[in-house]
Amino acid sequence: MVDRGWYYCDFLLVTGDAYVDHPSFGTAIISRVLEDAGYKVAILSQPDFHDERDFAAMGRPRYAVLINGGNIDSMVAHYTAAKKRRSNDAYTPGGKAGKRPDRAVTVYAMLARRAFPDTPIYLGGIEASLRRFAHYDYWADRVMPSILESTGADGLMFGMSEHSVVELANNLKHGKKGADACVGVRGTAYMAHDAGGIQNAVECPSYEDVCASKPDYARSVKLQYDEQDAVRGKALLQRHGKRMLIQNPPARPLTMEEMDHVYALPYMRTYHPSYESLGGVPAIQEVQFSIIHNRGCFGACNFCALAFHQGRYIQARSHESVIAEAKQIVQMPGFKGYIHDVGGPTANFRFPSCKQQEEHGLCKNKRCLFPSACKNLEADHADYLNLLRELRQIEGIKKVFVRSGLRYDYMMADHNDAFFRELVEHHISGQLKVAPEHMSDNALYYMGKPSFSVYEQFRERYARINQKLGRKQYLVPYLMSSHPGATLDDAILLAEYLNRVGYMPEQVQDFYPTPGTLSTAMYYTEIDPRTMKPVYVAKTPEEKAMQRALLQWRRPDKRPIVLAALKKAGREDLIGFSKECLIRPTRGEKPPVPSGRAAKSGKSARPAAHRPTAPKKKGWAKAKRKK
């Protein structure tokens, strides 16, 4: 600040991550957007959270303190789905854990208020965005109020906030204070004593109601999802005691020109030099030589936060913008000719799913790809394919990979095989990762994913194209256990399928009930908010461990759990020596007698080679002994 001749900053931006000035990091984008709008921004990364001294070090900001927890929710960054403490943090110098507090946004907001009692505080980022309404908190195992209520912050920006933060900053510059600066600003929420002046709003069940009634909680979440649309979405209200939470409609999506401008800002594309001696910031490794070309996802899986955060409307950058970034990457130190990824939330989405969206928004009670592709869906990879072709021609680039976020169901809806062929030929580094998540259609229904038959068709087409091209490239499916609606029988079906195709995943994601998603509402309420019908939920550590272990049945350490799961489900027919069996009996133990499903079907639990044979001919045993 001294070197720049600054005697104050307009905004103090506090973040739970190390400072990485790269457009994959929200702090970098928001700070550069504010700088571009003429404001002075000081970034306070991972402050000491035991007192407020770090907050006061750069002086009181002229307009406000802006706070986010980082690129990942601080509780997810700290704990596994089993609530075990993680030993590292990729967004911290040297990968060390413990540099941010649990519930970072809440702690930082309280310290900021202590440091600057009269300065407005506004929250942003995914941690605040997903907690903007009363929400179930998995770690506390209870419903918590809006983070605005618990922190006392003046306002909150949800979703992608380039428009919102500049409008908010301009309101503050022109004399508006506190929550008043959020009034009428799309993509923001604030607390007020009443909803006077808010027209055409939808009121959710109150905080008190959702605490007392699980059906009310499920209804509240459904209303929040229904209005999460920039075209047709209405303001949402939720009473908290004597005060009212007011959420303005979502911010308008960035146009292609606006998105190009955001990604052309002067990012340093690396972490702050002060971290070099500490080992750098591990998170940069995945994104330093990658390019984000879009935002949003109309796939809208129930367990994913994207629909509630970024939204379902697709925003994309121009070819010229992406190519300019690629040429910039080519000049970077350490670049060896490989663009690691050209992706986004969903790599192969470049445009809205249909033309109706621009006028009417996304359908309230319909999905573009679930339970099957909508008849209005325009599945077309031509533009994305042309972009990849242009990137391949840039001097200095050897290979351009697509490593994450491909929607295989969208690929299957495109009847032109050109993209699929070139993807396999040019853009895969030995293996392609996709996310079927499960193979039981029962489980997939509750996940909001298409039928498993779509994945099977994709797998067969992938194999055919590889064979035709003479390639030996693998397909790696992401799988999830214990999602609401998924039973022990569903897990066994998946294990049987994996056994049949000869694949055992090294990693399995256990369902993680993060705030704000439809799946988390199912987990807490045992009700499907889409239908208000009951949902089976595996909640006990025992059954969750069983579902997870079944997907890694070959691991010796999982054997006791798999054995217990099969016996509990009455599937002893899968304990034996045939290739269909998941595990073998222990030494000296006979294969179990058929029971449960195997007994009902009349099948033996043991293969023919281990069944009793016909009586031996007389004299055989005597002859053997004599020999």
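Analyst: Two strands pair if DSSP finds at least two bridges between them. Strands (E, at least two residues) and helices (H or I, at least four) are DSSP runs, numbered from the N terminus.

User: Which strands does β21 join, and by how many bridges?

Analyst: Strand β21, residues 474-481, is joined to β22 by two bridges, and the two run parallel. In that pairing, M480 sits opposite Q509 of β22.

User: What kind of model is this?

Analyst: The model is predicted: local features need pLDDT of at least 70, side-chain atom pairs count only at pLDDT 80 or more, and totals for chains, interfaces and linings use all residues. Numbering starts from 1 along each chain as its sequence is written, and side-chain values use heavy atoms, with hydrogens and water left out.

User: Back to β21. What sheet is it in?

Analyst: An open sheet of three strands, ordered β20-β21-β22, with parallel pairing.

User: Which strands stand at its edges?

Analyst: β20 (431-437) and β22 (509-510). Each has a single partner strand, so one side of each is left without a neighbour in the sheet.

User: And the nine-strand sheet, what order is that in?

Analyst: The order is β3-β1-β4-β5-β8-β9-β12-β11-β10, again an open sheet, and here the pairing is mixed. β3 and β10 (202-203) are the edge strands, each pairing on one side only.

User: What does β9 pair with?

Analyst: One partner is β8 (residues 155-157), joined to β9 by two bridges in the antiparallel sense. There, L156 has A189 of β9 as its bridge partner. Strand β12 (residues 243-247) is also antiparallel to β9, over four bridges, and A192 stands opposite M244 of β12.

User: Is β9 buried or exposed?

Analyst: Five of the five residues of β9 (residues 188-192) are buried, so the strand is largely enclosed by the rest of the structure. Buried means under 20% relative accessible area, exposed over 50%, and partly exposed in between (1.4 Å probe, protein chains only).

User: Which residues are on which side?

Analyst: T188, Y190 and A192 are on one side, A189 and M191 on the other, and both faces are covered. In a regular strand, side chains alternate between the two faces of the sheet.

User: New topic. Where is A326?

Analyst: A326 is in helix α13, residues 319-330. A326 counts as buried because its relative accessibility is 0%. The C-alpha atom of A326 is 11 Å from that of H340, with the two residues 14 apart along the chain.

User: Which residues does A326 touch?

Analyst: Not counting residues up to four places away in sequence, A326 touches I291, L391, I394 and I397. Contact means heavy atoms within 4.5 Å.

User: What about L391, what is that in contact with?

Analyst: Leaving aside neighbours within four places in sequence, L391 contacts V322, I323, A326, V342, I397 and V400. L391 also belongs to the largest nonpolar core, of 127 residues, where L391 is one of those touching the most other members, along with I67, L123, L432, F458, L550 and L566. A nonpolar core is a set of buried Ala, Val, Leu, Ile, Met, Phe, Trp, Tyr and Cys residues joined through side-chain atoms within 4.5 Å.

User: Which helix gives the largest share of this core?

Analyst: Helix α20 (residues 488-501), with seven residues. Another core lies apart from this one and has 43 residues, including Y19, F25, Y122 and M259.
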